[in-house]
Amino acid sequence: MRYSVPEEMKKGSLIGNVAQDMGLDLKRLRSGRARIVTGESVQYTELKTDKGILVVNERIDREQLCGDVTPCSFSFEIILENPIELHRVIVEILDVNDHAPTFKSSHINLEISESAAIGSHFDLESAEDPDVGPNSLQNYMLSSNDNFVLKQHSNADGNKFTEMILQKPLDRELNSHLSLKLIAVDGGTPHKSGTVNIDITVLDANDNAPVFNQSVYQATVRENAPIGTYITTINASDADSGSNGIVTYSFSNLQGNLAHMFDIDKTSGKISVAGQIDFEKDKKYEIRVGAKDQGGLTAASKVIIEVIDVNDNAPIINVMSFSSPISEDAPLGTTIAVINVKDADSDKNGRITCSIDSKHSFKIQSSLTNYYSLLSDMMFDRETKAEYNITITATDSGAPSLSSATTLCLRISDVNDNAPLFDKPSYSAYIVENNSPGVSIFTVSARDTDWNQNARISYLIEDTQVSGSPVSAYVSINSETGVLHAVRTFDYEQINQVKLLVKAQDGGSPPLSSNVTVIIFIQDQNDNAPQVLYPVQSGGSLVAEMVPRSADVGYLVTKVVAVDVDSGQNAWLSYKLQKSPDRALFEVGLQNGEIRTIRQVTDKDAVKQRLTVIVEDNGEPSRSATVSVNVAVADSFPEVLSEFTDFTHDKEYNDNLTFFLVLALAVVSFLFITCLVVIISVKIYRWRQSRLYHSSLPVIPYYPPRYSDTLGAGTLPHVYNYEVCRTTDSRKSDCKFGRAGSQNILIMDPSMTGTMQRMQNEKSILDEPDSPLEVRLSLAYTD
């Protein structure tokens with residue numbers, strides 16, 4: 001877009017409606033944060049985004065901005081973001097006739113010999129008018145006189161100068177001094193002018209003026225040449241002799257800074273550098289030189305000095321727009337930055353190429369003249385690399401080349417694209433039973449490679465069932481630390497492990513999560529004493545194991561069967577004989593609890609043997625249980641019965657005094673009743689005596705419960721059947737031994753006074769499966 005505006009306009013003056021000219025609405029200007037980019041130059045304009053217009057921001061002086069360069073303009077870019085748009089605007093500054101022509105000095109002093117020939121030329125000082133075009137200097141006028149007329153000339157660069165031509169010889173005797181006025185007029189409306197006084201002193205005759213050997217001198221100089229650098233030498237000759245032939249040299253019509261740029265030797269005419277020469281400001285200088293003899297005659301010539309460009313300006317990089325941070329899910333080819341690169345040099349010295357370091361996958365491409373866009377050439381992953389330092393290098397084509405670089409720090413913003421990950425695929429934890437509620441068990445840990453809120457992990461337990469109850473009734477978890485706590489006291493004998501699913505969830509939107517299985521193993525404590533299953537300890541009847549006197553060494557008397565509901569070594573049971581009337585007769589297997597004879601039974605051995613066996617587990621500290629085993633050493637049932645008649649009363653009499661008093665009363669009552677029963681039963685006994693020895697006695701079998709093996713700790717792997725036959729007369733009772741390898745149990749109840757007929761009935765009941773008596777025996781074991 002191109003606009004024209006006169007110079008010296010007030011601040012806020014309208015330049016143009018850029019929104020309309022660009023085809024954009026006001027919403028786009030505001031949303032795109034439209035702004036003017038001028039680089040390092042003065043911002044003469046301002047963009048009113050609310051109205052979409054461009055107005056004057058600073059006073060614009062065309063002469064200060066461009067000097068005598070025409071047309072005068074400056075450019076800038078309007079940049080919009082989201083998406084990025086660039087629009088170049090060129091504003092041309094129109095000249096206003098705000099300057100009048102001026103002369104460097106207020107007087108021009110000339111010395112002219114009276115012998116000056118008609119047609120002699122006298123150079124006059126040129127006026128300066130910084131305006132251009134029609135407003136610049138257009139014409140010179142000389143005040144009315146008889147001797148001189150003006151002749152006006154123009155240089156190739158458009159500058160006008162004038163010289164005075166003698167049209168009538170001077171006569172010093174008539175008039176030795178002349179005063180004229182030179183008026184310079186511009187072409188503005190209204191016209192402006194400047195005046196200088198010309199004072200002419202008429203000298204005595206000097207009839208030869210200096211003559212240059214060249215009408216135009218050509219020279220070159222490199223920019224940045226040091227002060228004193230030789231450029232060229234001018235030469236003029238004068239045919240006069242003596243002082244009238246001595247020529248001096250000088251510059252004429254040097255304007256502005258040009259007067260301080262070059263130096264000329266007055267006597268030799270050698271021109272050298274006197275100031276800083278910059279190709280970027282002026283590429284060529286056109287200088288008028290004059291030669292003057294002692295008689296006041298002058299000559300003029302022209303020196304054209306061309307400046308050779310030197311690559312003395314490095315490229316300048318300006319970042320117009322930079323998007324940082326950028327999301328890690330930005331698509332390929334996303335515009336990251338827009339840069340502007342300028343080089344004040346010309347031709348190849350100002351030809352620029354841009355590049356970026358090859359360590360990163362980015363690319364740079366040209367969009368507008370001197371504008372480049374930095375694009376992504378890869379998919380970002382913040383977890384792999386969160387920040388990039390991108391160095392952009394601009395290099396010109398000079399020899400040697402110059403370059404400049406700028407580094408952009410691009411940060412990658414996080415996207416929740418990573419789920420939390422646990423340290424292990426599964427966890428195993430251990431806790432000893434009988435723990436305190438609330439004790440910490442184990443800590444699960446997950447990590448999330450995302451950042452900030454996306455990496456904030458919360459832990460929770462998935463709702464599952466453990467033994468028919470929700471897992472939350474057993475274990476809880478700290479949502480922040482991942483510490484698992486026991487909610488209740490665990491009992492290994494009820495539950496030996498808890499399997500749960502822990503979920504780790506991040507704080508992203510939407511959140512991502514992962515699960516891990518945690519198995520909590522309950523470790524056993526030795527909190528249960530061994531339980532004796534056999535022999536059954538019953539307070540209502542007396543159970544005795546019979547050992548015939550003919551038993552060999554190693555004879556299996558019975559087996560103590562015990563279990564421990566604990567596990568592992570806490571359930572490893574050992575058996576020891578704690579108390580025995582004769583330790584040389586019986587021994588107990590340490591591991592299996594079998595009671596065997598260790599020597600041959602003799603007649604001297606007492607019929608009644610009471611053994612005490614202690615069962616201990618292997619826990620720390622160990623727990624134990626004791627069992628009493630009654631053994632009858634006899635070959636016949638009557639012998640055993642006579643010895644064990646009062647066996648049931650052989651109790652722990654030292655327990656307490658009350659027990660013995662009650663027991664004594666019971667014994668007295670029993671003896672009284674027994675006497676009555678014996679007297680009544682004498683005759684019945686004799687009648688049944690023969691029948692007892694010639695018939696099969698009723699058998700009451702006793703089946704110990706079958707117990708499964710529990711970790712190999714003291715169980716009864718086989719079924720032992722014991723058959724005991726009883727009569728109402730203890731002397732006639734007998735035992736019937738089972739098959740080989742079986743054991744015999746003698747059950748004697750002093751309170752049993754029933755008849756043999758009733759016992760037979762009970763036997764028939766026992767033979768039936770699940771008989772009431774069998775059930776009653778099982779209940780007795782359970783108790």
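Is Cys675 buried, partly exposed or exposed? Cys675 is partly exposed, because its relative accessible area is 47%. The cut-offs: buried is under 20% relative accessible area, exposed is over 50%, and partly exposed lies in between, with a 1.4 Å probe and protein chains only.

Some ground rules. This is a predicted model, where local features need pLDDT of at least 70 and side-chain atom pairs count only at pLDDT 80 or more, while totals for chains, interfaces and linings use all residues. Residues are numbered from 1 along each chain as its sequence is written, and side-chain values use heavy atoms, with hydrogens and water left out.

Now the other cysteines. Cys354 is buried, at 15% relative accessible area. Cys66 and Cys72 form a disulfide, with 1.9 Å between their sulfur atoms. The rule asks for a pair of cysteine sulfur atoms within 2.5 Å, and the count by that rule is one disulfide. The torsion about the S-S bond is about 70°, so this disulfide is right-handed. Both partners are covered: Cys66 is buried at 15%, and Cys72 is buried at 3%.

Next, salt bridges. Side chains of opposite charge can pair when their charged atoms come close. The criterion here is a side-chain nitrogen of Lys or Arg within 4 Å of a carboxyl oxygen of Asp or Glu. The structure holds 16 of them.

Take Arg28 and Glu85, which meet at 3.1 Å, N to O. This pair links distant parts of the chain, 57 residues apart: Arg28 is in helix α2, and Glu85 is in strand β7 (residues 85–94). Helices (H or I, at least four residues) and strands (E, at least two) are DSSP runs, numbered from the N terminus. Helix α2 covers residues 26–31. Arg28 is buried, with 13% relative accessible area, and Glu85 is partly exposed at 24%. Beyond four places in sequence, Arg28 also contacts Leu80, Glu81, Asn82 and Pro83. Contact means heavy atoms within 4.5 Å.

A second pair is Arg62 with Asp95, at 3.0 Å, N to O. Arg62 sits in helix α3 (residues 62–66), and Asp95 sits in the loop between β7 and β8 (107–113), 33 residues apart. Both are buried.

Glu594 and Arg596 also form a salt bridge, at 3.0 Å, N to O. Glu594 is buried at 17%, and Arg596 is partly exposed at 29%. There is a network too, linking Glu8, Arg59 and Asp61.

On to the cores. A nonpolar core is a set of buried Ala, Val, Leu, Ile, Met, Phe, Trp, Tyr and Cys residues joined through side-chain atoms within 4.5 Å. The largest has 28 residues, and Phe212, Ile234, Phe262, Ile271 and Ile305 have the most contacts inside it. Elements giving two or more residues to this core include β16 (216–222), β22 (284–293) and β23 (298–308). A second, separate core has 27 residues, among them Tyr459, Ile461, Val466 and Val516.

Which residues does Ile271 touch, beyond four places in sequence? Among them are Tyr230, Ile234, Phe251, Phe262, Val289 and Val303.

One more buried site. Ala486 lies in strand β40 (residues 483–486) and is buried at 2% relative accessibility. Ala486 and Phe442 are 44 residues apart in sequence and 9.6 Å apart in space, C-alpha to C-alpha. Beyond four places in sequence, Ala486 touches residues including Ile431, Pro437, Val439 and Tyr474.
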